[in-house]
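Please open the model in your viewer and keep the sequence panel at hand.

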Amino acid sequence: MTHSMARFMRRCSSRFRPRALAAALAGVLAIAGSAQAAEPDLPGFIHDGTLTVCTNPTLPPMTFVNGTDVNAVDGIDMDIAHRLADYWHVPMVVTTMDFTGLFPSLAAQRCSMVASGIIKLPEREKNFDAISYQDTALVVVARAGTPRLSSMADLSGKTVAVQSGTSYSARLAQENEALAKAGRAPIIIQQYPTEDQVVQQVLIGRVFAFASQDVELYYRQEQLHGKVSVILVPPYPEYRHFALYIRKNAHDRELLEQAIATMGQNGQMAAIQKKWAISPDAAKALANTPAPPMFRWDTFFSALTSAAFMRGAFITLAVAVLSHFTAIMISIPMALALNGRDSLLKMALKGYVSVFRGAPTLLQLLFIWNALPQFLPIFREAWFTPFLATWLSLSINESAYQVEINRAALGAVDKGQELAGDALAMSRRQVYRHVIFPQALRIALPPTINEFISLLKTTSLASVISLQELLAVTQIQVARTFEFTEYYAAALVYYLAMVFFFLFLQKRVERRFAWADRHKATANES
Amino acid sequence: MNPDPKTMPDPSAMISVRNLSKLYKDFIALDRISFDVQRGEKIVVLGPSGSGKSTLIRCFNRIEPHDSGILSIDGRVINAQTDLTQLRATVGLVFQNYNLFPHLSVLDNCTLAPRLVKKTPRADAEEMAMRFLRQVNIAEQANKYPIQLSGGQQQRVAIARALCMQPEVMLFDEPTAALDPEAISGVVGIMNDLAQQGITTLCVTHEMGFARHIADRIIFMDKGRILEITPPAEFFTNPRTQRARDFLDQMISY
């Protein structure tokens, strides 16, 4: 029996439920015994003949972007997903998104499965089926040189960073209950949206330690240059397995377990583990690489000129321009109705403005991406991309702000202007098109440009629904390399360049409004 | 002189009004007004503020729709079904506050409506605009924006703008009320010229010189009603109502 098979059997015996074990063994035997030509039964989660894998590629070596192409997700999870797709003879599609979006997307049937270095936990298994594929352990990591701790209780009063959306904070909260009973200070928990930020907090000394998985730390050693070390491996029985998650279905679960079992048996699993060097020995060797300079100009410039950043900036710009354009188009008739007589429509519009100005933009994005498909299955289909969802969401959100600008601008145009247009026999359309709108535009332009600049930066929220805009691209690169300063600086340059361009445009357009100022009008003439 | 309110409107008159009334909620702005204006007549409407003068003349281009009674312009009865474009192309209106379009040059102010409403080619519209701008002595300012002009100059542009629609009736709604005395004389001079050219004119004003020397008849209003319609000579020397006498006394002492 091979080493990997032994590992697999050990895992089966200790973790799989008896029924599942029987099924897995039956699967192994069936594949081993029957002719190879026998097509494996396709699980139900393979929708439209495609295995759609959702992942948050910020957890090396499980799932991460291993290069400058943000669409090329790499890692153990991806290798396993590829083998699974091969096993079922179907194509595989990877959808990347924020960690917090993974399970809602799975529930909304946007993914066949979630493969994102996620721990097998009983509370998650209440809602989803989890199939483990890789052993691991929770580790508490601090800066190199920090003395080892003997138990979690030693973290009392210290600050620990964890990735938000992960179960670490719940586990630390349990520790805090025990500490409270013992009359000791609790562990102070700080949560960050990405794993790289968690690590950065320790590197810059803001927090004492962070919680992570051992395999990640082994892999990170190359980037961390031995700056951190494990100070504690708490004896938690959970946090021992990474699992693939699918929607609850006993049959699908059996089929996936069979597939994983087959990979363990035919050596594919062992090959993947070897490829990613997830062992303590490999990590030690990597830790001895020399420390990097403070600011790597070559990294900065290559980020600045990389296709990934340009594409990210283009997506940011495109979604902002389209959303604001749509918002303006929606909000002009809305503003006219709101300035008009009282009606049911006006009441409804007031409600619309209140709701969409009141609710946080992030919540609206998450709602449209994750909750809407539960009411309207059409939004679950492939055509409803993160780009479309962001466009839709930001258009609605922005229109609620823009309508107030339009309303004020239209109201600020002297009522005599409309009268004069009427008296000159102009139609309603002509009065608005040639008399009111040009004057309202002058009043609305500065606050509208302000809104647009704000919107341009708001697009960064769309990384939570997996839109590969500029900040999402930046974070993925940072997660891969840990070169925070260089990539943040490159992103800053892009954002500033875009904002300055629009400020310049505003100046140019405002020059055309000289008619509103006696001195400027006279100056232009001479 | 007053037509019988029970008769039908006079189709040969330029403006013919029978029992015209207008309400703002509970306030009676116009109360059963009846009169005729013949082609080429110059009428000045006098009366204390709030008497309904402006409301009356604004009914004639339906910027203020009337509530009851019959209004006929150039032989056509005006009601909710009336083609407003045609009506307003016939009846020009000049406002107290000029209401020039600030974002357009003087020339464009004059050509906008002819080009949009009458589909006049730009070159023709500009040629006509320059003719009227010369008539109101402001042709040299044609390429300036309204904000660069004085009040009197702006009002003269507003008159030229209204004339560019080649109306048959000109309504003036207190055209000199916002102007200083020097500017008033310029505007009144232009109104005199227009009156000489025979265009039917109704003018709400406190400018007594214009009322006395140019008007064919004076309409005196109070509280939404017409109290007198008389030639100016008679009105200024021998008003028939006490209310008119009081009004004139105030104007003179002022």
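Select helix α8 of chain A, residues 214-224: 10 of its 11 residues are buried, so the helix is largely enclosed by the rest of the structure. Buried here means under 20% relative accessible area, with a 1.4 Å probe and protein chains only; helices are DSSP runs of H or I with at least four residues, strands runs of E with at least two, both numbered from the N terminus. Among the buried residues are Asp214(A), Tyr218(A), Arg220(A) and Leu224(A). Step on to His225(A), which follows α8(A) and has a positive phi, near 50°.

The model is a predicted one, in which local features need pLDDT of at least 70 and side-chain atom pairs count only at pLDDT 80 or more, while totals for chains, interfaces and linings use all residues. Residues are numbered from 1 along each chain as its sequence is written, chains are lettered from A and ligands numbered from 1 in the order in which they are written, and side-chain values use heavy atoms, without hydrogens and water.

Next, colour chain A by domain: domain 1 (3-134 + 240-285), domain 2 (138-238) and domain 3 (299-525), with bounds from an automatic or database domain assignment.

Finally, select residues 487-505 of chain A: the span is 100% helix, with end C-alpha atoms 27 Å apart.

Note on methods: Buried means under 20% relative accessible area, exposed over 50%, partly exposed in between (1.4 Å probe, protein chains only).
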